[in-house]
Amino acid sequence: MALAWVFLFLVFPSKQKEIKIEIGGEWDKSSKAIVVYVTFIVTIFMWLFGKKLFGVNANVVALIPFAVFCICGIFQKSDLARIDWDVLWLVTGGFALGVGIDKTGLAALLVNTIPFNTWPALLVIIGSGLLCIVMSTFMSNSATAALLIPILTAVATGMGPQLAPFGGGATLIVGLAMSASLAMSLPISTPPNAIAYSKGFIEQKQMVLTGVVIGLVGMIIGYIILIAAGKMGLFPEAAAAVAPIASV
């Protein structure tokens, strides 16, 4: 993060010495405000415990505030018109692409055509990270991780002895998740990118330049630390958790 901050400061120098932020307002005690407070508390509670207690997944829970606000008149037609729908299309398009690759069997085909068992363990760890960061650049980070982690977990289980010197399957899975988070070269890669791009704050060529540099440097630093930690045996519990996940 520190290196990324320095790099961004050098590429996009700012002449402004300070930023003053003044936030005014007071506690709103109107009936609509109380509905908003209660709805947010219920929504957060349902996100944390709804699946376990009531069997309601996060997607359904996300519709609760929308439904309540529309019924209570908090959301109006004009409010919906002001939503940045192009940003939503970018983000959901990335998720849709990930679901499509998964449901059509393309993801499994791509992974199964790669002879992981014949590769050196270190090459599998870094290679899976490179595959993840490339895929995550063109689709949502979350969708890519959700798509690849179950598949690579099975690979990690099959390569247990080869991966053991590097921290086991946990090193492979953690590296995969890290790589997905480092993909930020296009507007579609992650929602913050999409929001900044839609507002006109940055051009796509600028995003590509900084995204590629920060992504590659982040992977190099991240994998050095990750592999070193794995060799030091810092992932015993996480490694043990991979096997039951793969069996499911």
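Where is isoleucine 225 found? I looked it up first: isoleucine 225 is found in helix H12. Helices here are DSSP runs (H or I, at least four residues), and strands (E) need at least two, with numbering from the N terminus.

**Before going on.** I am reading a predicted model, where local features need pLDDT of at least 70, side-chain atom pairs count only at pLDDT 80 or more, and totals for chains, interfaces and linings use all residues. Residues are numbered from 1 along each chain as its sequence is written, and side-chain values use heavy atoms, with hydrogens and water left out.

Entry: Is isoleucine 225 buried or exposed? I found it exposed, with a relative accessible area of 55%. My cut-offs are these: buried is under 20% relative accessible area, exposed is over 50%, and partly exposed is in between (1.4 Å probe, protein chains only). Then I checked leucine 226, which also has its place in helix H12. Leucine 226 is buried, at 7% relative accessible area. I also looked along the chain: leucine 226 and methionine 178 are 48 residues apart, and their C-alpha atoms are separated by 9.8 Å.

**Entry: the nonpolar patch.** Isoleucine 225 turned up again in a nonpolar surface patch of about 720 Å², together with Leu3, Leu209, Val213, Val217, Ile220, Ile221 and Ile224. H12 gives the most to this patch, with seven residues. For patches I use residues with over 30% relative accessible area and no salt bridge; nonpolar side chains (Val, Leu, Ile, Met, Phe, Trp, Tyr) are joined within 5 Å, and like charges within 9 Å. The accessible areas come from the Shrake-Rupley method with a 1.4 Å probe, and for residues only the protein chains shown count as cover.

**Entry: the core.** Next I turned to the largest nonpolar core, which has 28 residues. Ile125, Met139, Leu148, Leu152, Leu163 and Leu172 touch the most other members. At least two residues of this core come from each of helix H7 (121-138), helix H8 (141-158), helix H10 (169-181) and helix H12 (204-231). H8 supplies the largest share, seven residues. A nonpolar core is a set of buried Ala, Val, Leu, Ile, Met, Phe, Trp, Tyr and Cys residues joined through side-chain atoms within 4.5 Å.

Which residues does leucine 152 touch, not counting those up to four places away in sequence? I noted Ser128, Leu172, Ile173 and Leu176. Contact means heavy atoms within 4.5 Å.

**Entry: aromatic rings.** My search of the whole structure gave six aromatic pairs. Tryptophan 5 and phenylalanine 9 form a stacked one, 5.5 Å centre to centre with 10 degrees between the planes. Rings of Phe, Tyr and Trp (its six-membered ring) pair if their centres lie within 6.5 Å; planes under 30 degrees apart are stacked, over 60 edge-to-face, and the rest tilted. The two residues are separated by about one helical turn because they sit four residues apart in helix H1 (residues 2-11). Tryptophan 5 is exposed at 58%, and phenylalanine 9 is partly exposed at 42%. I also noted one aromatic cluster formed by Phe40, Phe66, Phe69 and Phe75.

**Entry: salt bridges.** How many salt bridges does a search of the whole structure find? I got two. A salt bridge needs a side-chain nitrogen of Lys or Arg within 4 Å of a carboxyl oxygen of Asp or Glu. One joins glutamate 18 and lysine 20 (4.0 Å, N to O). Glutamate 18 is exposed at 51%, and lysine 20 is exposed at 69%. Lysine 205 bridges to glutamate 203, with the closest N and O atoms 3.8 Å apart. Here lysine 205 is exposed at 64%, while glutamate 203 is partly exposed at 43%.
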